[in-house]
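Walk through this structure with me, one region at a time. Keep the 3D view open and pick out each residue as it comes up.

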Amino acid sequence: MEKSKFQEEFIKAIIPIFEGTIEKRKKYYLENPKPEKDHIENIINSCSNTNGSISGISGMLPGIAGLVAILPELKLTIGNQIIMIYDIGVAHGKEEHLSKEMVLSLAMQSGAGSAGINALTRQGEKVLIKKASVKVFQQLAKALGVKLSAAVIKSAVAKFVPVLGGIAIGIWVKYTTNEIGEYSAVVLSKDFQIQETDKVDEFEQNEEEQIDVLENKVVVLMNLMKADGESKDKEKEFITQIINNIDFSFYTSAKLKVDLQLSSQSDVDFKVLADSSKSDKDGLLIDMIALAKRDEQVHAKELDYIMFICEQLGLDSNFATNELA
């Protein structure tokens, strides 16, 4: 299945999810007690864990076809994220500001990196919200769909390796849900100013990952596999599948496969990875965690190597530690 098909189906689901979920949540709080500020951490943790479990169960097929197959789960996780954002807003006493534009903007400007839109702008201790028209909201929703689907596809393991792909998707959803929750908690604690608008900058999708970024991500995964000194045939098969499914040159593909058979670790160009996008680096973090969790027993040296990569690239080491504990 083509990537564009996955994005098309993903985008189609966004608008009704936002509109329907927010209305249901408004009605829910007419009859139920509202959360307090000290409940926010539990709200985020609960949603992150729930979403990670949902996506980790069914996402077991490799390739874009596998991603299309788990669209129902991904749509459910987005709905849960909307509820989380709304509940955080209620806990901060910001119900009157929890429009679909506000909630969408919070989801858009966190998780997978900078959104490239101006529907929501932080100005010191205040937040400027641009209340958008129906047409603009649809543009924003489409942009969010492009952004989220592109971020899912960034994971090499999720795209190319059966079984591990399901683990990777579950970790990715948990990670982004946690980021969205923490970002929303900060923004929703501030004062707001509303401004009417009929124009919002559209999100521009980043270009595909450069081959040199992909090559170095594969090298990192190979080094992680070798970290415990026990490179198994099944592990080598995982890496080989990834190499075969990336459009490397014959020379690069052959070199990676030779390096894969060596016991020594290969050199990583950290400058190339450091200069890559946030979603590229997040994808690598997810892939490392998924590979380390492949047999439900993480070797201490594997954890050490992941911590080393986190330090080199500014990745979330706390998230990695918690996932691999």
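Is Asp-259 buried or exposed? Asp-259 is buried, because its relative accessible area is 11%, and buried means under 20%. This residue sits in helix α11, which covers residues 250-261. Setting aside residues up to four places away in sequence, Asp-259 touches Met-222, Lys-226 and Ser-266. Bear in mind throughout that the model is predicted.

Now step back to the whole chain. The protein has 15 helices and three strands. Of its 325 residues, 56% are buried. Take the contacts with a separation of 6 or more: residues 24 or more positions apart account for 82% of them.

The largest nonpolar core holds 81 residues. Which residues have the most contacts inside it? They are Val-218, Ile-239, Leu-285 and Met-288. In soluble globular proteins, nonpolar side chains tend to be buried together. Look at Leu-285 first. Leaving aside neighbours within four places in sequence, Leu-285 is in contact with Tyr-175, Cys-310, Leu-315, Asp-316, Phe-319 and Ala-320.

Ile-243 is found in helix α10, which spans 233-244. Its relative accessibility is 1%, so Ile-243 counts as buried. Glu-215 lies 28 residues from Ile-243 along the chain. The C-alpha atoms of these two are separated by 8.6 Å.

Turn to the helix packing. Two packed helices are described by the angle between their axes and the distance between the axes. Start with α9, residues 211-226, and α14, residues 300-313. Their angle is about 150° and their axes are 8 Å apart. Angles over 145 degrees count as roughly antiparallel, so α9 and α14 are roughly antiparallel to each other. Their crossing is right-handed. Which residues meet there? From α9 come Val-220, Asn-223 and Leu-224. From α14 come Glu-302, Tyr-305, Ile-306 and Ile-309. By type, the residues of this contact are five nonpolar, one polar and one charged.

Helix α13, residues 278-292, packs with α14 at an angle of about 175°. Here the axes are 11 Å apart. These two helices are therefore also roughly antiparallel to each other. On the α13 side, the contact residues are Lys-281, Leu-284, Leu-285, Met-288 and Ala-292. On the α14 side, they are Glu-302, Ile-306, Ile-309, Cys-310 and Leu-313. The residues of this contact divide into eight nonpolar, no polar and two charged. Compare the spacing within each list with a general rule. An α-helix has 3.6 residues a turn, so residues three or four places apart point the same way. Note the link back to the core: Leu-285 and Met-288 are among its residues with the most contacts.

Where does Asp-228 lie? It lies in the loop between α9 and α10. With a relative accessible area of 14%, Asp-228 is buried. His-299 has its place in the loop between α13 and α14. At 33% relative accessibility, His-299 counts as partly exposed.

Glu-73 is in helix α4, residues 71-91. Its relative accessibility is 18%, so Glu-73 counts as buried. Glu-73 and Asn-51 are 22 residues apart in sequence. Their C-alpha to C-alpha distance is 8.7 Å.

How many of the nine residues of helix α5 are buried? Eight are, so this helix, residues 100-108, is mostly covered. The buried residues are Glu-101, Met-102, Val-103, Leu-104, Ser-105, Leu-106, Ala-107 and Met-108.

Key: Residues numbered from 1 in each chain as written. Predicted model: local features only at pLDDT ≥ 70, side-chain atom pairs only at ≥ 80, totals over all residues. Heavy atoms only, no water. Axes fitted to C-alpha atoms, helices over the stretch in contact; angles between N-to-C directions. Helix = DSSP H or I, 4+ residues; strand = E, 2+ residues; numbered from the N terminus. Parallel < 35°, antiparallel > 145°, perpendicular 65-115°, else oblique. Left-handed = near helix turned anticlockwise from the far one by under 90°. Contact = heavy atoms within 4.5 Å. Nonpolar A, V, L, I, M, F, W, Y, C, P; charged D, E, K, R; others polar. Buried < 20%, exposed > 50% of the residue type's maximum accessible area, 1.4 Å probe, protein only. Core = buried A, V, L, I, M, F, W, Y, C linked by side-chain atoms within 4.5 Å.
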